[in-house]
Amino acid sequence: MANEEVSDFPALSNLSPRMKEQLRISKTQLHGTSIHMTQNGLDERPLPRTLDEALRPSSRAIVVTEAIRPFRVCDVNRAWEDLCGYSYLESKGKSLGDLLKGPETDPLAVTTMVNRLLHGEDATIVLTNYTKSGRKFRNRLQVGPLFNDQGEVTNYVGVLQEVSM
């Protein structure tokens, strides 16, 4: 498989352009796939820093948003879709608050996280969110800015990891 192009696979010929690009990137650039788990079972891999890194296929639930309020969703991966219950098409263009916020989502924690992002800093918080079906879940959310080649913030990335309630 490593020496053939994605389009050479009949089973893959019906993939969307977005999925083909993600597959191409994973074939040519994916590295550092080892999982770094702490003793408490949390994934401690660093956040992606570029849009290309954020869009690589990953087992981590990843969401990419605009860098301006209201931080609308630009992209999500399959792991995020599986965790949150929304498809890429359902989530694109919507704010994460509209999708995941519920009665037990802590607005102060969200405000603190956003303020850190707006100051160019990463943030890690634990939030109670809700899936499309209304299931409540706690997640450790790591967020940070994504940068272009000039070092400018282009988007924000979030990595969600469900934790025990």
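Biologist: Where does Gln 142 lie, and what makes Gln 142 buried?

Modeller: In this predicted model, Gln 142 is part of strand β4. Its relative accessible area is 10%. Buried means under 20%, so Gln 142 is called buried.

Biologist: Why is the pair Gln 142 and Arg 140 called a polar contact?

Modeller: The side chains of Gln 142 and Arg 140 are joined at 3.4 Å. The cut-off for a pair of N or O atoms is 3.5 Å, therefore the pair counts as a polar contact.

Biologist: How do you know that Arg 49 and Asp 122 form a salt bridge?

Modeller: The closest N and O atoms of Arg 49 and Asp 122 are 2.4 Å apart. A salt bridge needs a nitrogen of Lys or Arg within 4 Å of a carboxyl oxygen of Asp or Glu, so this pair qualifies.

Biologist: What makes that pair a link between distant parts of the chain?

Modeller: Arg 49 is in the loop between α1 and α2, and Asp 122 is in the loop between α6 and β3. The two are 73 residues apart.

Biologist: Why are Arg 49 and Asp 122 called partly exposed?

Modeller: Arg 49 has a relative accessible area of 29%, and Asp 122 has 28%.

Biologist: What makes Lys 136 and Glu 104 a salt bridge?

Modeller: The N to O distance for Lys 136 and Glu 104 is 3.1 Å. The limit is 4 Å, so the pair is counted. Lys 136 belongs to strand β4 and Glu 104 to the loop between α5 and α6, 32 residues apart. Lys 136, at 30%, is partly exposed, and so is Glu 104, at 47%.

Biologist: Why does the term salt bridge also apply to Glu 162 and Arg 135?

Modeller: Their closest N and O atoms are 2.9 Å apart, and the rule asks for a distance within 4 Å, so the term applies. Glu 162 sits in strand β5, while Arg 135 is in the loop between β3 and β4, 27 residues away. Glu 162 is partly exposed at 39%, as is Arg 135 at 38%.

Biologist: How many salt bridges does the rule give?

Modeller: The count is six.

Biologist: How do you know that β1 and β2 pair?

Modeller: Three bridges join β1 to β2. Pairing needs at least two bridges, so β1 and β2 count as paired. They run antiparallel, and Thr 65 stands opposite Val 73 in β2.

Biologist: Which strands are the edge strands of the sheet, and what makes them so?

Modeller: The open sheet has five strands in the order β2-β1-β5-β4-β3, with antiparallel pairing. The edge strands are β2 and β3, each pairing on one side only. From one strand to the next, the twist averages 30°.

Biologist: Which strands does α6 lie across?

Modeller: α6 lies across β3, β4 and β5, and it runs at about 140° to β3.

Biologist: How many disulfides are there, and are Cys 74 and Cys 84 buried or partly exposed?

Modeller: The count of disulfides is zero. Cys 74 has a relative accessible area of 25%, and is partly exposed. Cys 84 has 0%, under the 20% limit, so Cys 84 is buried.

Note on methods: Residues are numbered from 1 along each chain as its sequence is written. This is a predicted model: local features need pLDDT of at least 70, side-chain atom pairs count only at pLDDT 80 or more; totals for chains, interfaces and linings use all residues. Side-chain values use heavy atoms; hydrogens and water are left out. A salt bridge is a side-chain nitrogen of Lys or Arg within 4 Å of a carboxyl oxygen of Asp or Glu. Helices (H or I, at least four residues) and strands (E, at least two) are DSSP runs, numbered from the N terminus. Buried means under 20% relative accessible area, exposed over 50%, partly exposed in between (1.4 Å probe, protein chains only). A polar contact is a pair of N or O atoms within 3.5 Å; within protein, one must be able to donate a hydrogen and the other to accept it, and residues adjacent in sequence count only if both atoms are side-chain atoms. Axes are lines fitted to C-alpha atoms, for helices over the stretch in contact, and angles run from 0 to 180 degrees between N-to-C directions. Contact means heavy atoms within 4.5 Å. A disulfide is a pair of cysteine sulfur atoms within 2.5 Å.
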